[in-house]
Amino acid sequence: MRRPPYFQRVWAAVRRIPRGKVATYGDVARAAGSPGTARQVVWALRAGTGLPWHRVVGAGGKILLTGEPGMEQRLRLASEGVAVNGNRVRLEEHAFRFRSRKRTP
DNA sequence: GATATGACGTCAT
DNA sequence: CATGACGCCATAT
């Protein structure tokens, strides 16, 4: 069974992030089965639709989006009960732990 | 195949 | 903490 295309794997990972939780790009990449592809996660997020993209933040819980998009992300996170301090999220409190799923053994 | 893009991660200064 | 540089890598053209 051919693995789903990269984007699809990323979308699946992002969709697993529960409400009120966040994950970093690196974590999403890892959860998608391709560690070290944080930048590609960006492509996937832009290409996708209807994704909880606001639950994806940078390393250390930093909000990387700037301007209006960044504002919207903060609003959306706040709506889900995620406290945003400055442009940072407390990962210790809201980081989502993906199940360590190695690829199809 | 080559080049450009990108909401990154990590380390050095 | 701010900045710069480099590495990494899937897509688009």
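Student: Which residues have the most contacts inside the largest nonpolar core?
Tutor: They are V10, V14, V28, V41 and V56, in a core of 21 residues. A nonpolar core is a set of buried Ala, Val, Leu, Ile, Met, Phe, Trp, Tyr and Cys residues joined through C-beta atoms within 7 Å. Helices α1, α2, α3 and strand β2 each supply at least two residues of this core. Helices (H or I, at least four residues) and strands (E, at least two) are DSSP runs, numbered from the N terminus. Before we go on, this is a predicted model, in which local features need pLDDT of at least 70 and side-chain atom pairs count only at pLDDT 80 or more, while totals for chains, interfaces and linings use all residues. Residues are numbered from 1 along each chain as its sequence is written, and chains are lettered from A and ligands numbered from 1 in the order in which they are written.

Student: With which residues is V28 in contact, leaving aside its neighbours within four places in sequence?
Tutor: V28 is in contact with V10, A13, V14, A23, V41 and V56. Two residues are in contact if their C-beta atoms, placed from the backbone, lie within 7 Å. Among these partners, V10, V14, V41 and V56 also belong to the list of residues with the most contacts in the core. In general, nonpolar side chains tend to be buried together in soluble globular proteins.

Student: Why does L77 count as buried?
Tutor: The test is a count: a residue is buried if 20 or more other C-beta atoms lie within 10 Å of its own, exposed if 12 or fewer, and partly exposed in between, with C-beta atoms placed from the backbone. L77 has 21 C-beta neighbours inside 10 Å, so it counts as buried. This residue sits in helix α4 (residues 67-79), and it touches H54, V82, V84 and V89 when residues up to four places away in sequence are not counted.

Student: Why do K21 and H94 count as buried?
Tutor: K21 has 20 C-beta neighbours inside 10 Å, so it counts as buried. H94 likewise has 20 other C-beta atoms within 10 Å, and is therefore buried. K21 lies in the loop between α1 and β1 (23-24), whereas H94 lies in helix α5 (residues 91-94). Leaving aside neighbours within four places in sequence, K21 is in contact with R55, H94 and F96. H94 in turn touches G20, K21, V22, V82 and V89, not counting residues up to four places away.

Student: Which residues of helix α1 (residues 6-16) are buried, and what covers them?
Tutor: R9, V10, W11, A13 and V14 are buried. Their cover includes α2, α3 and β2 (56-57). Over chain A, buried residues make up 30% of the 105 residues.

Student: What makes chain A as compact as a globular protein of its length?
Tutor: Start with the order of its elements, α-β-α-α-β-α-β-β-α from the N terminus on. The radius of gyration, taken over C-alpha atoms, is set against a globule rule of 2.2 Å times the number of residues to the power 0.38. For 105 residues the rule gives 13 Å, and chain A has 13 Å, so it is as compact as a globular protein of that length.

Student: Which residues come nearest to DNA strand B, and which are around DNA strand C?
Tutor: A residue is near a strand if its C-beta atom, placed from the backbone, lies within 6 Å of it. Of the 15 residues around DNA strand B, Y25, R39, G58, A59 and L64 come nearest. Elements giving two or more residues to that surface are α2 (25-31) and α3 (38-47), and α3 gives the most, with 6 residues. Around DNA strand C are P5, Y6, F7, S34, G36, T37, R39, Q40 and W43. There too α3 gives the most, with 3 residues.
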